[in-house]
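Q: Could you walk me through this one slowly? I am new to reading structures.

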Amino acid sequence: MSTGEYENKNPRASVANGANGAGARLRASLDLVEEKVRAGERLGRDDGLALLSSPDLLRVGRLADLARRRKAAETGAGETVYFINNRHINHTNICKNMCRFCAFSRAAGAEGAYALTLDEILAKAREAAALGATELHIVGGEHPQMSYAEVREMMVRLHETVPDITLTAFTASEIVHFADNAEMSEEEILLDLKDVGLGSLPGGGAEIFSPRVRGLVCERKISGERWLEVHKTAHRAGLPTNATMLYGHVESLEERVDHLLALREAQDETGGFLAFIPLAFHPQNTELSHLPGSTGVEDLKVLAAARLLLDNFPHIKAYWVMIGLKLAQVSLFFGVDDVDGTIVEETITKAAGSQAGQAVARAELERIIADAGRVPVERDTFYHPVAGQAPADPADAITAPVSGSRGVSA
Ligand code: V47
């Protein structure tokens, strides 16, 4: 598959070279964005496009950093960067959706298809507890033969086994799948799972909301509108959630901006999102393997534009598994205030060729944060500092002096 609609739509090189006066136009529109940011005005679609297409990466980053520092000043977070002691569990890769961007899923009976037993899942949870984890992030394929009763039982047993660990589980798409199987509404499923220990929903499955893109890359998955509805229902049921955007495949810059604006509108309604996490597409072993994937500059611009457009999202998270630890560290200067966590084992990005590794020690997360001149704070799912941790002093880990003002008026 190498032609037409499955091409990447983003004209990186010509924009960066300023072809046909585009450079001057982009500078002018970024001037307008900067005026709005400094005046504390909400940004619009054109502003988002100006940010994502700007060749001036450092200027975009400075604006996002200003937005991050202002937000942190409002909440008293200061120079905090959050991380979490967590573990991912992908309980099955058997999935009916067959999304073209996914290297993880398998049809039932296909080579490499798996569904962990309850004992295997509980053993992973106990291991996580022994390592001091405060969150289990559990997502899997939409297994056509797995009943809702089995999924519920998994949650009951997990909650019994590791009662102090928050269960952050199931994408909106999985919730709809359970609702269809059990002939219950999504609200009933969410309330029932909450009753047996569900603490929050992760942000997966959002992909890009554009129906055009979904038709190309995940036509069997729920629509973007349905994804948003499930999250708003979760918020009303008292379950906070995260949001993601899978970028760097066949979407246009406009479609990225529209995705972010749809999230902002939903957050205006419910206020239930905790964090936004952009997910950089990894093409290896997928049906879109002819695509090159994102660049580091693009990764940083998406994070920065998200911080600026999602003015009502408390946190922007760099998922180091997808962009690597070093770029995640650099992203702390581009609006990011969270680097996710220890993870331990991750199979979705690994299947698609991620080189970033599967686990990182807590000390390494603290080191990269402190070396960026920021204050590492271990958080729980709900962004409360985890009690009992020694407050880390970034000065202990800084290898070169950090100069300059940390005020919010840069
Ligand atoms: O839903 C699938 C995406 C998601 C690929 O909520 C891919 O805190 C890149 O949602 N290349 C799972 N991405 C991961 C996820 C997540 C990760 C970290 C934190 C949180 C959170 C959520 O990964 C899937 C899908 O959107 N994905 N295939 C791929 N080839």
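Q: Thanks. How far is an oxygen atom of the ligand from an N or O atom in the side chain of N242?
A: That distance is 2.9 Å, and it falls under the heading of a polar contact, meaning a pair of N or O atoms within 3.5 Å. Please keep in mind that this is a predicted model, where local features need pLDDT of at least 70, side-chain atom pairs count only at pLDDT 80 or more, and totals for chains, interfaces and linings use all residues. Residues are numbered from 1 along each chain as its sequence is written, and side-chain values use heavy atoms, with hydrogens and water left out.

Q: Which residues are closest to the ligand?
A: The closest are F101, G203, G205, E207 and K317, out of 22 residues that surround the ligand, where a residue counts as near if one of its heavy atoms lies within 4 Å. For E207, a polar side-chain atom lies 2.6 Å from an oxygen atom of the ligand, while for G203 a polar backbone atom is 2.7 Å from a ligand oxygen.

Q: What classes do the shell residues divide into?
A: The shell around the ligand has 12 nonpolar, seven polar and three charged residues. Here Ala, Val, Leu, Ile, Met, Phe, Trp, Tyr, Cys and Pro count as nonpolar, Asp, Glu, Lys and Arg as charged, and the others, Gly among them, as polar.

Q: Switching to helix α4, why does its length agree with what it should span?
A: Helix α4 covers residues 57–75, and at 1.5 Å a residue its 19 residues should span 27 Å, which agrees because its end C-alpha atoms are 27 Å apart. The expected span is 1.5 Å times one less than the number of residues, and helices are DSSP runs (H or I, at least four residues) numbered from the N terminus.

Q: What comes just after α4?
A: Just after α4 comes G76, which takes a positive phi of about 80°.

Notes: Polar contact = N/O pair within 3.5 Å; in protein donor to acceptor, adjacent residues only side chain to side chain. Helix = DSSP H or I, 4+ residues; strand = E, 2+ residues; numbered from the N terminus.
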